[in-house]
Amino acid sequence: MVSHAVYSGDLALHVEAVGSGQPVLLVHGYSQSRLCWRKQFRSGLTDDLRLVAMDNRGHGDSDKPRDAYEGSELWAEDVRSVIAALDLEDVVLVGWSYGGLVVLDYVEAFGTDDVAGINLVGAVSSIGTETATERLGSKYIDLVSGFVSTDAEESVETMRQFVELCVYGDLSPEDRSYMLGYNVVVPPHVRDSLRDRTVSHETELAALDVPVLLTHGEEDAVVLPEASRQYAELIDDAERSVYPETGHSPFWERPERFNRELREFALGV
């Protein structure tokens, strides 16, 4: 595994890459980090795919400014900077949860000329709109005030509940600690700024001209499965793969199936 510091303007993004072959850029979700892709980085996927995972601005080991989160062009430039720095030609973009919004920020700004395909995983395409809110689970919405709390105990407890909400079954104590660790390093002001955006990418979804794989857990309590069904109706060339007894994190909960489908998709585009 090779680590990179990629600059998007003056902001440093932490990026890790492993494997060789078809490039795949993995974009994590809200309050997460590149570490969520551990079961992909440590798998046979690296025999066929060059996996690249970035810490989004404000997350993981990337810079965490007080502001610079609202504009879609900032997120788009982050993705473009990683693609350029690591020379990712005909890349497959994988956007999990909020990462789907980031992927579509990139598509809005730069199109799909350098993109071979897109995998949206339990993804959101909009935020801050009535439609976007309707696609979120009630238990997730109940946590919103705690996401931005500056009280340490309330913040950590909220993130513990969020980590558990991201899967359908029970997490082992080791996995819970691992996930909680990279969630709590995201400052409350970052989580607040991410949720303060108002963005809709329905137009970009409908105009996508590359193959799209929609991956969704049937028991997702964060982004409801109805969201990907609506995306499938908007996108001409989309395949929808629904995982039974799976929550918001199919790549973690069902890694064998997820890795198999990601390999088939990435090598087939």
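Which residue in E5 is the bridge partner of Val 24? It is Val 92. This is a predicted model, where local features need pLDDT of at least 70, side-chain atom pairs count only at pLDDT 80 or more, and totals for chains, interfaces and linings use all residues. Residues are numbered from 1 along each chain as its sequence is written, and side-chain values use heavy atoms, leaving out hydrogens and water.

Start with strand E3, residues 22-27. Helices (H or I, at least four residues) and strands (E, at least two) are DSSP runs, numbered from the N terminus. E3 pairs with E5 in the parallel sense over four bridges. Strand E4 (residues 49-54) also pairs with E3 in the parallel sense, over six bridges. Pairing requires at least two DSSP bridges between the strands. Gln 22 has Leu 49 of E4 as its bridge partner.

In a regular strand, side chains alternate between the two faces of the sheet. Gln 22, Val 24 and Leu 26 point one way from E3; Pro 23, Leu 25 and Val 27 point the other way. Six of the six E3 residues are buried. Buried means under 20% relative accessible area, exposed over 50%, and partly exposed in between (1.4 Å probe, protein chains only).

Now the charges. The structure holds 15 salt bridges, each a side-chain nitrogen of Lys or Arg within 4 Å of a carboxyl oxygen of Asp or Glu. One joins Arg 229 and Glu 226 at 2.3 Å, N to O. These two are three residues apart in helix H11 (residues 226-234), so about one helical turn separates them. Glu 16, Arg 34, Asp 55 and Asp 61 form a salt-bridge network.
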